[in-house]
Amino acid sequence: MKKSFKNSLLVICLTIALTGISNYSVAESFVQSPYENMDYYELGMTALNKNDYNNAINYLKRAYAKDTSNPSIRNNIAVAYTARGNANYNKGINLEKAANDYRSAIYYLKYCNKSANTDNMNENIEIAIGNLEDVLIKMNSK
């Protein structure tokens with residue numbers, strides 16, 4: 001009888017201990033990092049200002065998924081794609097990537113969400129189209 005009582009007591013203690021540990025780890029998982037409190041748009045713009053185009057594009061796409069009616073987000077995604085395309089073009093390493101970035105910029109400005117474009121967005125369309133034409137000419141001359 002003493003043995004079964006000790007075993008039961010041991011099981012109860014282990015259960016309490018494990019429950020306490022699991023509650024602690026669950027509580028710890030809800031602690032937010034400083035970046036989780038920032039909006040994706042802000043993170044994207046910060047990355048864009050630091051010339052971190054890959055992260056800027058990823059964060060801005062997340063912001064766009066949350067608010068597809070915001071033309072500023074679409075415009076800044078296109079700006080990030082154009083800037084990354086310019087960086088690839090200027091390095092001359094991968095002109096196909098540059099061309100694809102310009103195509104993506106045009107897509108976000110021209111075809112994504114048929115809401116009216118601002119004057120700035122219309123200017124950015126012309127810039128992306130001009131840059132794409134330049135890249136295609138350079139690719140065809142090789």
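1. In this predicted model, Asp67 sits in the loop that lies between H3 and H4. Asp67 is neither buried nor exposed but partly exposed, because its relative accessible area of 29% falls between the cut-offs of 20% and 50%. The side chain of Asp67 also makes a polar contact, at 2.9 Å, with the side chain of Ser69.

2. The buried residues in H3 include Tyr53, Ala56, Ile57, Leu60, Ala63 and Tyr64. They cover an arc of only 130 degrees around the axis, and they therefore lie on the same side of H3. Ala65 and Lys66, by contrast, are exposed on the other side of H3, while the buried residues of the helix pack against H2, H4 and H5.

3. The largest nonpolar core has 28 residues, and those with the most contacts inside it are Tyr64, Ile77, Ala80, Tyr81, Tyr108 and Val135. Two or more residues are given to this core by each of helix H2 (40-49), helix H3 (53-66), helix H4 (71-91), helix H5 (95-111) and helix H6 (119-141), with H5 supplying the largest share, eight residues.

4. Val135, one of the residues with the most contacts inside the core, is in contact with Tyr89, Leu95, Ala98, Ala99 and Tyr102 once its neighbours within four places in sequence are left aside.

How values were computed
Residues numbered from 1 in each chain as written. Predicted model: local features only at pLDDT ≥ 70, side-chain atom pairs only at ≥ 80, totals over all residues. Heavy atoms only, no water. Core = buried A, V, L, I, M, F, W, Y, C linked by side-chain atoms within 4.5 Å. Buried < 20%, exposed > 50% of the residue type's maximum accessible area, 1.4 Å probe, protein only. Helix = DSSP H or I, 4+ residues; strand = E, 2+ residues; numbered from the N terminus. Contact = heavy atoms within 4.5 Å. Polar contact = N/O pair within 3.5 Å; in protein donor to acceptor, adjacent residues only side chain to side chain. Arc of directions from axis to C-beta.
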